[in-house]
Amino acid sequence: MHNLDLAAIQAEIEKVNSSVELEELRLKYLGRKGLIAQMMSIIPDLAPEERSQAGQEANALKNQITAFLRQKGSSLAGPEPKATADALDITMPGIAQELGQMHPITQVINEICDIFMRMGFSIVEGPEIETEFNNFTGLNIPLDHPSRDAFDTFYLRDTTKLLLRSHTSPVQIRAMKEKKPPLAVVVPGRVYRPDATDASHLFMFHQIEGFMVDKGIKFSDLKGMLEIFAKSVFGPDIKMRFRPHFFPFTEPSAEVDISCVICHGKGCSSCGRKGWLEILGSGMIHPNVFKHVGYDPKKYTGFAFGMGVERIAMLKYGINDIRLFCENDLRFLKQF
Ligand code: DAH
């Protein structure tokens with residue numbers, strides 16, 4: 001019934017040179033007001049017996065025109081481009097990956113542990129929840145010692161027998177109960193004290209404990225090893241001094257100072273004009289400690305030392321506020 005010439009339409013489509021012209025032809029034939037739509041629209045007015053055939057013809061025509069348009073469309077688009085839009089362009093700059101790094105406290109712990117491992121020490125860790133015995137009694141700390149009261153130690157609820165360890169020294173008791181001498185151990189770990197937070201106090205900080213037990217261990221062994229430690233961490237020009245002190249778990253005891261890292265001993269505001277900075281406590285292990293762990297104090301001697309990691313890190317890097325270590329400020333952390 002239609003009087004459209006299919007060959008003419010095909011020729012018309014073939015002549016097209018651009019996708020704009022092709023779109024015009026698509027609208028002319030297949031658009032909402034195009035010829036096919038017009039053919040469809042008159043079907044309801046036809047005699048009933050003509051309608052089905054008219055519909056089929058219009059559909060067939062539509063399909064053929066669609067095929068011509070599609071064919072022309074792909075020949076206009078040219079051959080498939082080799083690099084499509086979403087293919088990998090290796091000349092584009094990559095997306096930089098943000099790499100994490102060790103926290104400065106972890107770095108200092110690793111550095112100090114490495115120094116002692118090179119001298120034959122092994123690393124031992126202990127639990128942060130400790131018994132009253134390991135934290136105090138086993139270390140010869142008397143019942144009336146101020147560090148035992150609740151202003152200086154976090155006790156767990158409903159018990160005075162369990163607490164958050166206030167130093168890493170209880171691992172001396174654990175390690176010595178577990179192994180017979182010779183023993184050379186360093187213990188890194190968290191410790192807790194109920195201090196108000198300020199520029200030099202946190203209620204959780206880190207310590208590294210070290211101790212060595214064998215027949216014939218002398219104070220000079222302690223001095224030699226601590227000197228190697230201090231010079232590796234703070235540089236070969238640092239000076240050290242041992243100052244007599246008291247700790248219940250060592251006898252004799254000493255605090256160790258290094259020459260001020262800022263003024264090199266002349267005296268400045270960082271060292272309180274003294275020229276020296278305290279870095280750790282140490283001494284020869286008290287015979288009572290050996291008795292608590294079942295070592296014979298006549299047979300064995302040993303030294304021990306303990307230091308605050310945050311303090312060492314602050315002196316090493318010139319950091320003046322301990323709270324910086326727990327603020328997670330990347331501008332601070334990325335400097336290490
Ligand atoms: N435990 C002491 C503290 O927390 C530090 C210490 C001093 C540890 C002397 C020792 C030592 O092993 O011999 O202040």
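**Figure 1. Surroundings of the ligand in the predicted model.** The ligand is surrounded by 15 residues, the closest being His 167, Ser 169, Arg 193, Gln 207 and Glu 209; a residue is near a molecule if one of its heavy atoms lies within 4 Å of it. This is a predicted model, in which local features need pLDDT of at least 70 and side-chain atom pairs count only at pLDDT 80 or more, whereas totals for chains, interfaces and linings use all residues. Residues are numbered from 1 along each chain as its sequence is written, and side-chain values use heavy atoms, with hydrogens and water left out.

Figure 2. A polar contact is a pair of N or O atoms within 3.5 Å.

**Figure 3. Lining of the second largest pocket**. Of the 19 lining residues, Ile 105, Arg 190, Met 204, His 206 and Glu 310 lie nearest the centre of the pocket. At least two lining residues come from each of helix 5 (104-118), strand 4 (183-192) and strand 5 (204-214); helices (H or I, at least four residues) and strands (E, at least two) are DSSP runs, numbered from the N terminus. The lining comprises eight nonpolar, six polar and five charged residues. In this grouping, Asp, Glu, Lys and Arg count as charged, Ala, Val, Leu, Ile, Met, Phe, Trp, Tyr, Cys and Pro as nonpolar, and the others, Gly among them, as polar. A pocket is an open set of points on a 1 Å grid over the protein atoms alone, where a 1.4 Å probe fits, with protein on both sides within 12 Å along at least five of seven lines; lining residues have an atom within 4 Å of a point.

**Figure 4. Lys 72 in helix 4 (residues 48-76)**. Lys 72 counts as buried, at 9% relative accessibility; buried means under 20% relative accessible area (1.4 Å probe, protein chains only). The Lys 72 side chain reaches the backbone oxygen of Val 16 at 3.2 Å. Beyond neighbours within four places in sequence, Lys 72 is in contact with Ile 13, Glu 14, Val 16 and Leu 22, contact meaning heavy atoms within 4.5 Å.

Conventions. Buried < 20%, exposed > 50% of the residue type's maximum accessible area, 1.4 Å probe, protein only. Polar contact = N/O pair within 3.5 Å; in protein donor to acceptor, adjacent residues only side chain to side chain.
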